[in-house]
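Please read the following points alongside the sequence and the model. They are arranged as a short note for discussion.

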Amino acid sequence: MVRAGLTTERVVQAGAELADEAGFDQVTPSAVARRFGVQVASLYTHVRGAHDLKVRVALLALGELADRAADALAGRAGRDALAAFAGVYRDYAHEHPGRWAAAQFRLDPEHAAASAGPRHTRMMQAILRGYDVPEADHPHAVRLLGSVVHGFVELESGGAFGHSAPAPGESWSRILEVLDVTLRNWPGRTGS
């Protein structure tokens, strides 16, 4: 274990790795300190305690997820954008289950405003503009997309679909088709 060279970034990264390995609820300063072979007090130069560490891991996860989503959305519109965006969330949850849980961590208003959370909303709004969903309905449509994607991913991650056919991927494809139809036929859109 490396003792020297602790930085806030390394401490938070170690917390994120621990979250993926053991679960987000296991992310504590003492557990991270053990990873570095240092006393817990050594971490308090970099994080103020367990809550601060979890907030920082959540911010890291939200940022990683936003960066991936932005890359996936580049040059896409309509159903392609919807599928790419939703696919990033599902893939991230599979690859980084602890970070996915961290991204759901409730942040105080100040941290939430400074996080990548607003980027996620802006990306969803960009998808909605491609469907010509009226801007006044964007909050409702963003909540619909978030509820469906997060709900499916949470249920799948918890093993809810593991005991029945068809495979979750098949349902996922159908759900994205339904969302596409719903957004293309949103009430009150221009030309409807």
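1. Leaving aside neighbours within four places in sequence, arginine 99 is in contact (heavy atoms within 4.5 Å) with Gln13, Ala16, Glu17, Ala19, Asp20, Leu60, Ala61, Glu64 and Tyr92. Arginine 99 lies in helix H5, helices being DSSP runs (H or I) of at least four residues, numbered from the N terminus. The model is a predicted one, in which local features need pLDDT of at least 70 and side-chain atom pairs count only at pLDDT 80 or more, whereas totals for chains, interfaces and linings use all residues. Residues are numbered from 1 along each chain as its sequence is written, and side-chain values use heavy atoms, leaving out hydrogens and water.

2. Is arginine 99 buried or exposed? Arginine 99 is buried, because its relative accessible area is 6% and buried means under 20% (1.4 Å probe, protein chains only). Its side chain makes a polar contact with the side chain of glutamate 64 at 2.8 Å; such a contact is a pair of N or O atoms within 3.5 Å, one able to donate a hydrogen and the other to accept it.

3. The axes of helix H3 (residues 50-73) and helix H4 (residues 78-95), lines fitted to C-alpha atoms over the stretch in contact, with angles from 0 to 180 degrees between N-to-C directions, come within 9 Å and cross at roughly 145°. Among the residues making this contact are Glu64 of H3 and Phe85 of H4.

4. Leaving aside neighbours within four places in sequence, phenylalanine 85 is in contact with Ala69, Leu73, His120, Met123, Met124 and Ile127.

Notes: Helices (H or I, at least four residues) and strands (E, at least two) are DSSP runs, numbered from the N terminus. Buried means under 20% relative accessible area, exposed over 50%, partly exposed in between (1.4 Å probe, protein chains only).
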